[in-house]
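User: Please take a close look at one part of this model for me. I would like the charged pairs examined, and then the sheet that surrounds them.

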Amino acid sequence: MHIRNAVSSDAEELSALLNEIIRAGGTTALETPLSAAEFADWFIDGKFPLVCHVAEHDQSLVGFQSLSLYGDPPKGFADIATFARMNPKTVGVGSALFPATKAAAKELGLEFINATIRADNVSGLGYYAKMGFETYDRLLQVPLLDGTPVDRIKKRFSVGAGHHTTADA
């Protein structure tokens with residue numbers, strides 16, 4: 001698997017990857033599909049993204065991970081988003097992406113990486129725990145577009161704390 005910085009020309013393929021996840025439901029707070037232009041603005045070259053890495057495998061993009069300042073986070077914090085292709089699934093995408101994201105966070109002088117995960121996203125909660133994120137807050141009963149209330153778990157990774165994960169090996 002090859003990890004590199006995302007570029008604008010990746011937006012078409014990455015928006016299709018993300019939209020498949022959005023349509024499947026149950027794992028992302030995003031509920032409305034994004035056009036390639038919207039994707040590029042949100043994750044690659046808009047006002048809020050700091051960095052976005054992609055994972056390539058067998059000539060296709062199998063996942064991405066971004067850091068952004070969307071929503072005016074506290075100073076020294078950035079939000080992380082991680083998505084991996086559902087079909088065909090490639091094992092280890094998130095673990096392969098995180099070292100590059102962590103290095104970028106250090107270069108940017110961040111203190112913490114924040115992850116806000118739906119409480120019903122068991123795989124996402126497990127992934128962030130495996131990467132060394134620690135729970136620090138819970139947002140109760142955040143409604144989905146259809147009104148269904150779902151808690152959000154807030155986890156953070158201390159950039160300077162020297163966490164080691166299996167991905168560091």
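Analyst: In this predicted model, the structure holds 5 salt bridges. Side chains of opposite charge can pair when their charged atoms come close.

Take Arg-4 and Asp-10. Their side chains meet in a salt bridge, 2.8 Å from N to O. Which of the two is buried? Asp-10 counts as buried, because its relative accessibility is 6% and the cut-off is under 20%. Arg-4 is partly exposed, at a relative accessible area of 21%.

Next, Arg-118 and Asp-120. Here too the side chains form a salt bridge, with an N to O distance of 2.8 Å. Arg-118 is buried, with a relative accessible area of 7%. Asp-120 is partly exposed, at 38% relative accessibility.

Then Arg-138 and Asp-151. Their salt bridge spans 2.7 Å, N to O. The pair links distant parts of the chain: Arg-138 lies in strand β6, Asp-151 in strand β7 (residues 149-158), and 13 residues separate them. Arg-138 is partly exposed, at 43% relative accessibility. Asp-151 is buried, at 12%.

Now the sheet. Strands of a sheet pair through backbone hydrogen bonds, either parallel or antiparallel.

Start at β2 (residues 49-57). Strand β2 pairs with β3 in the antiparallel sense, over 8 bridges. Within that pairing, Val-54 has Phe-64 of β3 as its bridge partner. The two strands form a hairpin with 2 residues between them. Asp-58 sits in the turn and has a positive phi of about 50 degrees.

Strand β3 (residues 60-68) continues the sheet: 6 bridges join it to β4 (residues 77-84), and the two run antiparallel. Phe-64 stands opposite Phe-83 in β4. Ser-68 stands opposite Asp-79 in β4. How much of β3 is buried? The count is 8 of its 9 residues, so β3 is largely enclosed by the rest of the structure.

Strands β4 and β5 (residues 112-118) run parallel, joined by 3 bridges. Ala-78 has Ile-113 in β5 as its bridge partner. Asp-79 stands opposite Asn-114 in β5. With helix α3 (residues 93-107), strands β4 and β5 make a right-handed β-α-β unit.

Leu-69 is found in the loop between β3 and β4. Leu-69 is partly exposed, with a relative accessible area of 33%. Together with Phe-48, Leu-50, Tyr-70 and Leu-108, Leu-69 makes a nonpolar surface patch of about 450 Å².

Conventions: Residues are numbered from 1 along each chain as its sequence is written. This is a predicted model: local features need pLDDT of at least 70, side-chain atom pairs count only at pLDDT 80 or more; totals for chains, interfaces and linings use all residues. Side-chain values use heavy atoms; hydrogens and water are left out. Two strands pair if DSSP finds at least two bridges between them. Helices (H or I, at least four residues) and strands (E, at least two) are DSSP runs, numbered from the N terminus. A crossover is right-handed if, with the strands pointing away from the viewer, the path from the first strand over the helix to the second runs clockwise. Patches are made of residues with over 30% relative accessible area and no salt bridge: like charges are joined within 9 Å, nonpolar side chains (Val, Leu, Ile, Met, Phe, Trp, Tyr) within 5 Å. Accessible areas come from the Shrake-Rupley method with a 1.4 Å probe; for residues, only the protein chains shown count as cover. A salt bridge is a side-chain nitrogen of Lys or Arg within 4 Å of a carboxyl oxygen of Asp or Glu. Buried means under 20% relative accessible area, exposed over 50%, partly exposed in between (1.4 Å probe, protein chains only).
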